[in-house]
Amino acid sequence: MATQGQTNRETFIAGADLSAKQFTFVIMNTTDRTVVAAGNAAAADGIVINKPASGEAATVVTFGRTMVLAGTGGLTAGALIGCDAAGLGVVAATGDIVLGKVVDAGAAAGYATIDFQRGGNAAA
């Protein structure tokens, strides 16, 4: 069962409609404090945990134990996690930016618990 624990949270402005992106990875725009879905194998600034429309307040976990929506293949406990093109959590492949580690597994399109870390390194 996916859960949340101790986290750091920040409020940003949704730079796009994120109402269907709850528990997915987001990245901050380089010109202002808006967030949009993170890209494939990219770094992420956090995980959006509410459902903001464009221009609304987005609550983003920037560090800690949180839930993430799993992408294709699901997530297994102990795996290093990366991000797919839809901002979903996937097992990090070689060259992907590692965004944390899976604590509790989750099936594809289900929820997993991860320890999120901002600004990870590329997987070997």
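Q: Where does Ala41 lie?

A: Ala41 lies in the loop between β3 and β4, where β3 covers residues 34-37 and β4 covers 46-48. The structure is a predicted model, in which local features need pLDDT of at least 70 and side-chain atom pairs count only at pLDDT 80 or more, while totals for chains, interfaces and linings use all residues. Residues are numbered from 1 along each chain as its sequence is written, and side-chain values use heavy atoms, with hydrogens and water left out.

The backbone at Ala41 has a positive phi of about 60°, although the residue is not a glycine. Most residues other than glycine have a negative phi. A positive phi, of about 65°, is also found at Phe23, which is not a glycine either. Phe23 sits in the loop between β1 and β2 and, at 8% relative accessibility, counts as buried (buried means under 20% relative accessible area, exposed over 50%, and partly exposed in between, with a 1.4 Å probe and protein chains only).

The chain has 0 helices and 9 strands (both are DSSP runs numbered from the N terminus, helices being H or I of at least four residues and strands E of at least two), and the order from the N terminus on is β-β-β-β-β-β-β-β-β. For 124 residues, a compact globule would have a radius of gyration near 14 Å, and the 13 Å of the chain agrees with that; the radius is taken over C-alpha atoms, and the globule rule is 2.2 Å times the number of residues to the power 0.38. Along the principal axes, the C-alpha atoms fill a box of roughly 35 × 30 × 25 Å, and buried residues make up 46% of the 124 residues. Of the contacts (heavy atoms within 4.5 Å) with a separation of 6 or more, 57% are accounted for by residues 24 or more positions apart.

Salt bridges show how separate parts of the chain are paired. A salt bridge here is a side-chain nitrogen of Lys or Arg within 4 Å of a carboxyl oxygen of Asp or Glu, and a search of the whole structure finds 4 of them. Glu10 forms one with Arg33, with the closest N and O atoms 3.9 Å apart. Because Glu10 lies in strand β1 (residues 7-14) and Arg33 in the loop between β2 (24-28) and β3, this pair ties together parts that are 23 residues apart in sequence. Both partners are partly exposed, Glu10 with a relative accessible area of 27% and Arg33 at 46%. Glu10 also forms a salt bridge with Arg118, the closest N and O atoms being 3.5 Å apart. That pair links distant parts of the chain, since Arg118 is in the segment after β9 (111-116) and Glu10 is in strand β1, 108 residues apart. Arg118 is partly exposed as well, with a relative accessible area of 37%. Glu10, Arg33 and Arg118, together with Asp45, are linked in a network of salt bridges.

A further salt bridge joins Asp115 and Arg65, with the closest N and O atoms 2.8 Å apart. Since Asp115 lies in strand β9 and Arg65 in strand β5 (residues 57-69), the pair ties together parts that are 50 residues apart in sequence. Asp115, at 31% relative accessibility, counts as partly exposed, and Arg65 is partly exposed too, with 33%.

Glu56 is in the loop between β4 and β5 and is partly exposed, with a relative accessible area of 42%. Leaving aside neighbours within four places in sequence, Glu56 is in contact with Phe12, Ile13, Ala14 and Lys51, while its C-alpha atom is 8.8 Å from that of Asp17, 39 residues away in sequence. Ala77, in the loop between β5 and β6 (80-83), is exposed with a relative accessible area of 52%. Not counting residues up to four places away in sequence, Ala77 touches Val102, Val103 and Ala105, and 5.2 Å separates its C-alpha atom from that of Asp104, 27 residues away along the chain.
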